[in-house]
Amino acid sequence: MTRDNFSDITKLRLALNVRFMCVYPPCQKATHGPSLSGDTLINIGNAAHITAASTNGPRYDASLTPEQRRAYENGAWLCATHATLVDRAPEDFPPSALQGWQRSAEARACNDVYGVSTAAPTTQPEISSALAKFIPLASKAIDFRMTTFFFAGFQVPKEPVNAMQRLIRECSGYHWHPGHPCHSGNHVTLSKQDYVISTIRQMIDLLSDKTRWVSDHTGYAVAYASESHMNAAFESLKKAYGEVDSTLHELRQYMRGQPNYSAY
Ligand SMILES: [Zn+2]
């Protein structure tokens, strides 16, 4: 059975970007340090696959290419205990949770390096107020219909694509820290916000693939090559759309103070 393993560089980047700490929010323990004798470096961390490296593995996603399975974006840095936990109970730890933990830990590390305040809102009114600003921004980005019927003429209008770009610009990278008005600060809601942002980024990447989509001043349309080609372009965008839509639905529940505590 083939395994799409991470390269050593990818593993090192995953660890370095989160300061060699387990990204599982309740843990955050150091995974590297000198041995007692001081002459070796001890590592108890793992570059965990978010979706498995091989068939039948936890959270395996057959729709990914081997490159996507080996990519940095498919990894999360976890201590040995939590790398085991997420693989033994994969149904309790969906890909969105693991992705969110890694992104949040990277944001914490980035904030510290840039000297940005890490004081985060934690009360329900503060979380709700941040989400009340974030949800409309993200909703505009998916304000178009994805229907499986008659997709031959399927088009994504310009306005939602502009909204996608606005969301990425305003709610990611250096801007995206606990002082941001849309930043909910709570690790449960924040991991969902991070997931929405990274999935919308993926949608932009998909639409930018000129072998699959053509664009003009009105928007983006599926480029016609063959039926299977069009299906693939349509289905990958639809999958991302569905994930953003359902995560926004969960965030609306949190905003109203009706959180579903079953998942991170
Ligand atoms: Zn851990």
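How many residues of domain 1 are in contact with how many residues of domain 2? The legends below concern a predicted model, in which local features need pLDDT of at least 70 and side-chain atom pairs count only at pLDDT 80 or more, while totals for chains, interfaces and linings use all residues. Residues are numbered from 1 along each chain as its sequence is written.

**View 1. The contact between domain 1 and domain 2.** Eleven residues of domain 1 are in contact with eleven of domain 2, where contact requires C-beta atoms, placed from the backbone, to lie within 7 Å. On the domain 1 side, these residues comprise five nonpolar, five polar and one charged, with Ala, Val, Leu, Ile, Met, Phe, Trp, Tyr, Cys and Pro counted as nonpolar, Asp, Glu, Lys and Arg as charged, and the others, Gly among them, as polar.

**View 2. The surroundings of isoleucine 200.** Leaving aside residues up to four places away in sequence, Ile200 touches Ala138, Ala141, Met164, Leu167, Ile168 and Val244.

**View 3. The pair α5 and α6.** The two axes, which are lines fitted to C-alpha atoms over the stretch in contact, come within 7 Å and cross at roughly 140°, with angles running from 0 to 180 degrees between N-to-C directions. α5 is therefore oblique to α6, the term left for angles that are not under 35 degrees (roughly parallel), over 145 (roughly antiparallel) or 65 to 115 (roughly perpendicular). Leu137, Ala138, Lys140 and Ala141 of α5 meet Pro160, Ala163, Met164 and Leu167 of α6, and the residues of this contact divide into seven nonpolar, no polar and one charged.

Notes:
Two residues are in contact if their C-beta atoms, placed from the backbone, lie within 7 Å. Helices (H or I, at least four residues) and strands (E, at least two) are DSSP runs, numbered from the N terminus.
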